[in-house]
Amino acid sequence: MAMLEVKDLHVHYGVIEALKGIDLEVNEGEIVSLIGANGAGKTTMLQSISGIKKKTSGDIVFMGESIFKKNPKAIVMQGLTQVPEGRRIFTGLSVYENLLMGAFLRKDKKGIQEDLEKVYKQFPILKERVDQDASTLSGGEQQMLAMGRALMAKPKLLLLDEPSMGLAPILVKEIFSIIQEINQQGTTVLLVEQNAKMALSIAHRAYVMETGKVVLSGTGEELAASPDIQKAYLGG
Amino acid sequence: MSQFLQQMINGLSLGSIYALIALGYTMVYGIIKLINFAHGDIYMLGAYVAFITTTYFGFSFFPAMIASMVVCGILGVIIERIAYKPLRHATRIAALITAIGVSYVLEYTTQYVMGSEVKTYPTLLSSATFTLGPVTVSMQQIYIFAITIFLMIALQLIIKKTKMGRAMRAVSVDEDAAKLMGINVDTTISFTFLLGSSLAGVAGILVGIYYNSIDPLMGMVPGLKAFIAAVFGGIGSVPGAMIGGLFIGIAETMVVAYGSSLYRDAIVYLILILILIIKPDGLLGKNQREKV
């Protein structure tokens with residue numbers, strides 16, 4: 001059974017239908033990429049799963065339980081965490097405090113401490129900057145902080161929204177190899193990206209969205225090799 | 001010189017009270033970007049709660065202060081839930097007008113229940129004075145100053161060191177991102193109102209002691225001045241509100257001492273005009289820059 005199952009999901013902004021009946025599955029241990037152009041509904045999709053956006057109809061099942069009507073807090077508690085688009089780190093709070101915010105719902109002090117060490121190991125730069133105001137970090141460091149913060153919730157499924165946005169190519173590579181590491185350490189990943197090439201290269205499976213619908217799906221390699229995809233998203 | 005020192009002490013006492021009120025303005029603004037114009041009336045109610053508990057129930061100073069804090073804190077939370085929460089995603093002007101409406105409700109309900117006449121506060125603290133060299137300090141001033149300092153330190157510790165304080169700061173930066181961390185935004189906002197309103201409650205009892213008299217409209221002018229103090233310090237900034245409150249209190253006292261008491265209100269508005277011209281985001285206001 002799939003870890004996350006989205007069934008016939010419809011979402012509206014006012015009268016505009018942003019998601020027109022999406023079906024999607026993420027299995028445990030996978031990296032699933034969701035690619036598509038601006039305005040395809042990728043971010044709406046993640047916000048709907050996380051409980052930030054109100055949904056019209058359909059169902060979302062996570063680990064066998066419907067989270068369609070649950071609030072963001074209950075969804076985080078169940079082990080589903082999101083790294084939002086544009087990092088959305090808490091400026092004015094230190095790097096350390098940002099990381100603690102990720103563990104907001106956890107009560108196991110020892111576990112939190114252990115996970116802090118893990119995050120520092122994964123992102124050594126965060127340890128160097130631990131007492132700095134998060135707003136002083138560079139874009140790439142902020143992305144790492146946003147990811148570290150999400151990992152502090154100990155998620156079973158991590159949603160990543162445009163982690164490569166606004167980053168230099170070298171940093172994009174680094175971020176994607178970290179995503180693979182996180183996945184290998186046992187966290188399932190659902191990744192939303194405009195950088196289709198990178199997103200397909202690390203994905204086990206992928207979905208292509210266009211104006212609120214899934215138009216194609218398959219393994220990462222299949223899609224990367226598909227002529228349609230090459231033409232539309234990979235620049236020939 | 002001795003008169004100057006004396007006026008500094010008087011100014012610090014008055015400023016402490018403004019600072020306590022200003023903190024509520026600044027915290028609420030920081031988290032929901034609302035200028036809560038009913039906040040001055042919460043302070044007035046704090047004075048009335050202490051008046052009632054001491055006059056009719058024989059409370060002494062500290063229990064009366066706690067009662068004011070509790071009643072004002074709960075009232076602040078209820079007001080937010082009933083009046084402001086439904087407007088959280090409405091235009092800011094709608095929420096502002098509502099706040100002014102709430103202010104009138106509180107003022108005239110109090111007038112209806114307690115009467116519009118000025119009430120005389122019972123003597124709660126000894127009126128002993130101490131002479132330290134050239135200046136005279138009253139017991140009341142010591143209490144006012146000590147309590148304010150204590151509460152400010154406590155507030156800073158709550159905001160900086162506790163989980164709830166971090167949640168407050170996180171929500172004030174980015175509500176949706178805070179939700180994604182599993183923070184209950186409604187609870188966090190309620191907590192902010194609880195803190196701010198209970199501080200206003202303390203300011204209410206302190207001013208009752210200091211001036212000996214209270215009335216249902218007493219919250220209007222000090223409320224406005226505390227708001228100016230918050231703007232002066234940089235609205236949204238907690239240390240700013242503290243500094244702003246003390247500064248406004250001292251400025252007002254000095255003008256009364258060296259100029260004319262006719263100008264005691266004018267000086268505060270003059271400060272507001274100057275700060276808006278020279279540094280509109282206030283002394284410690286953050287000029288917001290974003291990194292991509």
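This is a predicted model: local features need pLDDT of at least 70, side-chain atom pairs count only at pLDDT 80 or more; totals for chains, interfaces and linings use all residues.
**View 1. Overall dimensions of chain B.** Chain B comprises 11 helices and 4 strands. Its C-alpha trace extends over about 55 × 45 × 35 Å along the principal axes. The radius of gyration of chain B is 19 Å, which agrees with the value near 19 Å that a compact globule of 292 residues would have.

**View 2. Packing of helices H10 and H11 in chain B.** Two packed helices are described by the angle between their axes and the distance between the axes. Helix H10 of chain B (residues 238-258) meets helix H11 of chain B (residues 264-278) at an angle of about 135°, and their axes lie 8 Å apart. Because of this angle, H10(B) is oblique to H11(B). The two helices, H10(B) and H11(B), cross in a right-handed manner. On the side of H10(B), the contact is formed by Ile248(B), Ala251(B), Glu252(B), Val255(B) and Val256(B); H11(B) contributes Arg264(B), Ile267(B), Val268(B) and Ile271(B). Sorted by class, this contact between H10(B) and H11(B) holds 7 nonpolar and 2 charged residues, with no polar residues.

**View 3. The open sheet of chain A.** In chain A, 6 strands build an open sheet with mixed pairing, in the order E6-E7-E8-E3-E9-E10. From one strand to the next, the twist averages 15°.

View 4. E6(A) pairs with strand E7 of chain A (residues 157-161) in the parallel sense, over 4 bridges. Within E7(A), Leu159(A) is the bridge partner of Gln82(A). Helix H1 of chain A (residues 42-50) packs on the sheet and touches E3 (31-36), E6, E7, E8 (188-193) and E9 (205-210) of chain A; the direction of H1 makes about 145° with that of E7(A). Helix H7 of chain A (residues 169-184) lies across E3, E7 and E8 of chain A and runs at about 155° to E8(A).

**View 5. The contact between chains A and B.** Chain A supplies 23 residues to the contact, and chain B supplies 16 residues. On the side of chain A that touches chain B, the elements giving two or more residues are helices H2 (72-77), H3 (95-102) and H6 (139-151) of chain A. This side of chain A consists of 11 nonpolar, 9 polar and 3 charged residues.

Terms used:
Residues are numbered from 1 along each chain as its sequence is written. Chains are lettered from A and ligands numbered from 1 in the order in which they are written. Two residues are in contact if their C-beta atoms, placed from the backbone, lie within 7 Å. Ala, Val, Leu, Ile, Met, Phe, Trp, Tyr, Cys and Pro count as nonpolar, Asp, Glu, Lys and Arg as charged, and the others, Gly among them, as polar. Axes are lines fitted to C-alpha atoms, for helices over the stretch in contact, and angles run from 0 to 180 degrees between N-to-C directions. Angles under 35 degrees count as roughly parallel, over 145 as roughly antiparallel, 65 to 115 as roughly perpendicular and the rest as oblique. A crossing is left-handed if the near helix is turned anticlockwise from the far one by less than a right angle, and right-handed if clockwise. Two strands pair if DSSP finds at least two bridges between them. The radius of gyration is taken over C-alpha atoms; the globule rule is 2.2 Å times the number of residues to the power 0.38.
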